[in-house]
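Reader: I would like a close look at the charged side chains of this protein and how they pair up. Please take it step by step.

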Amino acid sequence: MLEVYKMIARVSDSPAAVLVTGESGHGKELVARAIHTHSPRAGAPFVAVNCGALTETLLESELFGHVKGSFTGATGNKRGIFEHAGEGTVFLDEVSETSPGLQVKLLRVLQERKLCPSAGPE
């Protein structure tokens, strides 16, 4: 555990994305919360998302938001989790449960730190 605490201290000040790995139930979210709490982002939101618990379409809309008319039932613009978190932390649990296509979109957000709300089917 001491090594885990040291690693949390080392990465907390970094603006880089952090990959926390481990089996289900081994405390990845606790580690992510500790990193957030000890970082300059501590005053901003911490948002945890279980990617495996939502359908692909709903997950994409929740993460990236959408614009009015982008799909049936989109009666208005909706901010996504990334926009809501702002300068805070988004913890994406069970990313491996998402499609390769969505993983590519997530990677682009992490690399470029830019996102666009869903404008409809691609």
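Author: A residue counts as exposed when its relative accessible area is over 50%, as buried when that area is under 20%, and as partly exposed in between. E3, at 54% relative accessibility, is therefore exposed. Please keep in mind that the model is predicted.

The side chain of E3 meets that of K6 in a salt bridge, with 3.7 Å from N to O. Both residues belong to helix α1, which covers residues 2-12, and because they are three residues apart there, about one helical turn separates them. K6 has a relative accessible area of 40%, so this residue is partly exposed.

E112 and R108 form a salt bridge whose closest N and O atoms are 3.8 Å apart. The two residues are four places apart in helix α5, which is about one turn of the helix. R108 has a relative accessibility of 52% and so counts as exposed, while E112, at 45%, counts as partly exposed.

Another salt bridge joins K105 and E60, with 2.6 Å between the closest N and O atoms. Here K105 sits in helix α5 (residues 100-112) and E60 in helix α3, so the bridge ties together parts of the chain that are 45 residues apart in sequence. K105 is partly exposed, because its relative accessible area is 25%.

These pairs are among the six salt bridges that the structure holds.

D93 is buried and forms no salt bridge. Its nearest side chain of opposite charge is that of K28, 4.2 Å away. A salt bridge needs a side-chain nitrogen of Lys or Arg within 4 Å of a carboxyl oxygen of Asp or Glu, so a cut-off decides such cases. D93 lies in strand β2, which runs over residues 89-93. Leaving aside residues up to four places away in sequence, D93 touches K28, V49, N50, C51 and G52.

For the setting of these residues, the protein has five helices and two strands. Their order from the N terminus is α-α-β-α-α-β-α. Of the 122 residues, 31% count as buried, and D93 is one of the buried residues.

Terms used
Residues are numbered from 1 along each chain as its sequence is written. This is a predicted model: local features need pLDDT of at least 70, side-chain atom pairs count only at pLDDT 80 or more; totals for chains, interfaces and linings use all residues. Side-chain values use heavy atoms; hydrogens and water are left out. Buried means under 20% relative accessible area, exposed over 50%, partly exposed in between (1.4 Å probe, protein chains only). Lys and Arg count as positive and Asp and Glu as negative; His and the chain ends are not counted. Contact means heavy atoms within 4.5 Å.
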